[in-house]
Amino acid sequence: MIFKQYYLSCLSHASYLIGDESTGRAVVVDPQRDISGYVADAASAGLRIERVIETHFHADFVSGHLELGALTGAVISYGRAAAGRTEFAIELLDDGQQLDLGDVRLEIRATPGHTPESISIVVFEHAHDPEPYGVLTGDTLFIGDVGRPDLLSSDGVDADHLARQLYHSLRNRLMDLPDATKVYPAHGAGSACGKNLSTDTVSTIGEQRRNNYALAPMTEDAFVQAVTHGQAAAPLYFSFAANRNREARDTLDEADEIASLTFEEVRARQRDGAIVIDTRDAADFAAAHLENSINVGLGGRFAEFTGEVVRAGTPIVLVTDPGHEEEARIRLARIGFDTVLGVLDRPRLTFLNHPEVVRTASRLTAGQVAERRNSLSGLQLVDVRGPGEVESGMIPTATHVPLPELLDMLDGLDPQAPTVVYCAGGYRSSIAASTLRSHGFTDVSDLLGGYAAWAAIAASEDDR
């Protein structure tokens, strides 16, 4: 058996290639949209990708099932509950169905709860092995957590009902597997599909039985409370991506080249409604950037956070450090943001030649923020962390506006008030502050080092 996990850290996404060496038959499970890695590895191992299996309709990324299907002729499969929900042809998989790749056998188990159509895939290295090699759990079971059941609430699917399905799927469809069975989930730490995911990307059923809070002995009602409490707001783009995964959309061509745009062309695109996303480090952005641009650094969860502050379908112009243009384009394509018009040519020279449209950004230390709180009347503090993060404390008088909800809560903030935005460490605050400026807020700073820096000076004052 050939079994390979692909882990995409910028989206905390895990996908899998499973093949039978004797027959050369292979499947890919939950693929990312840029599929060249699977194709190259399959070719190198002498495998033919004949099927793509999706454990569910993903919301946090646009899957590569159409790309793989178009390139390899692979059949696309979902669980039986996905019937009638796609614009493209699929082959449905039934609970208990077995797929033989040769000696390698896959067993499908319906595990609804995160979504109604969720499935898990039990992998047997040899068809007659008494115990399985592992189980691919999709978003049903994570390492240290389980899939959140509330993402479909906006579509009218009751979170309480899904949570109760999840309770039974975990206990009756996964916990009956042997303790030694390896657990391979679709996501790891940082994913918004759960709240307590481990940095580990593989575990065992036994380890999860012992250590996963959601698998501890508890009533169904207690489980529902445990898995629904403290979930962060879903990123703005999730609903869009989930719909794209059901549509017969255009496929991604990884070889496409991004257009290089002059200053005049970028300004024209801005006047027509495009948003400039500046992917440089926050310090470089603060030193000089085009007015009304939004800073989402490539060094972090670039695509996800762009999808939290830019509405899907909005035309985008990129500003990048040299050589990172294609990386930015591909990463946006992974969440279905295909409206990248181009990249600003030679940004540093542009800034020098057009100072009239270049702006700087205010970034304050914790001590400076403390001084402003004491001396500046009407200071507006905005905390863009998630619900679980603010439970440990907030700066007094701050308003909690989770970053995924920022665009929808702009009317609740005063664009004329002096404003300081903060997060946990400083990455999201630069995103949020630049977003506010792009929407007409006149005096916005962000807190260097985030709440951690504030808590440190508060603790030092308490020690005096």
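**Note on the predicted model: sheets, helix packing and salt bridges**

1. Six strands form an open sheet with mixed pairing, in the order β1-β2-β3-β4-β5-β6. Its edge strands are β1 (2-8) and β6, each of which pairs on one side only, and from one strand to the next the twist averages 25 degrees. The model is a predicted one, and the remarks that follow should be read with that in mind.

2. Helix α2 (residues 65-72) lies across β3, β4 and β5, and runs at about 150 degrees to β4.

3. Which residue forms a salt bridge with E91? The partner is R51, and the closest N and O atoms of the two are 2.8 Å apart. Because E91 lies in strand β6 (residues 91-93) and R51 in strand β4 (residues 48-53), the pair ties together parts that are 40 residues apart in sequence. E91 is partly exposed, with a relative accessible area of 34%, whereas R51, at 13% relative accessibility, counts as buried, the cut-off for buried being under 20%.

4. A further salt bridge joins D94 to R80, with the closest N and O atoms 2.7 Å apart. This pair links distant parts of the chain, since D94 is in the loop between β6 and β7 (98-100) and R80 in the loop between β5 (75-79) and β6, 14 residues apart. Both partners are partly exposed: D94 has a relative accessibility of 32%, and R80 has a relative accessible area of 44%.

5. The loop between β6 and β7 also holds D95, whose partner R173 lies in helix α3 (residues 159-174), so that this pair ties together parts that are 78 residues apart in sequence. In the salt bridge between R173 and D95, the closest N and O atoms are 2.5 Å apart. R173 is partly exposed, with a relative accessible area of 24%, and D95, at 46% relative accessibility, counts as partly exposed as well. Elsewhere, salt bridges that share partners join R33, E67, R249 and D338 into one network. A search of the whole structure finds 30 salt bridges, and those named in this note are among them.

6. Turning to strand β24 (residues 444-447), are its faces covered or open? Both faces are covered, with V444 and D446 buried on one side and S445 and L447 buried on the other. In general terms, the side chains of a regular strand alternate between the two faces of the sheet.

7. β24 has parallel pairings with two strands. With strand β20 (residues 362-364) the parallel pairing extends over 3 bridges, and L364 stands opposite L447 in β24. With strand β23 (residues 419-422) the pairing is again parallel, over 3 bridges, and here T419 stands opposite V444 in β24. Together with helix α14 (residues 427-438), strands β23 and β24 make a right-handed β-α-β unit.

8. The helix of that unit, α14, also packs with helix α9 (residues 302-309), at an angle of about 35 degrees and with their axes 11 Å apart. The crossing of α9 past α14 is right-handed. On the α9 side the contact is made by F302, F305 and V309, and on the α14 side by Y427, R428, I431 and T435.

9. How many of the residues of α9 are buried? The helix is mostly covered, and 8 of its 8 residues are buried. Besides the contact residues F302, F305 and V309, the buried residues of α9 include E304, E308 and T306. The buried residues of α9 pack against β14 (275-278), β16 (294-295), β17 (316-319), α10 (325-333) and α14.

Note on methods: Residues numbered from 1 in each chain as written. Predicted model: local features only at pLDDT ≥ 70, side-chain atom pairs only at ≥ 80, totals over all residues. Heavy atoms only, no water. Buried < 20%, exposed > 50% of the residue type's maximum accessible area, 1.4 Å probe, protein only. Helix = DSSP H or I, 4+ residues; strand = E, 2+ residues; numbered from the N terminus. Pairing = 2+ DSSP bridges. Right-handed = clockwise from strand over helix to strand, strands pointing away. Salt bridge = Lys/Arg side-chain N within 4 Å of Asp/Glu carboxyl O. Axes fitted to C-alpha atoms, helices over the stretch in contact; angles between N-to-C directions. Contact = heavy atoms within 4.5 Å. Left-handed = near helix turned anticlockwise from the far one by under 90°.
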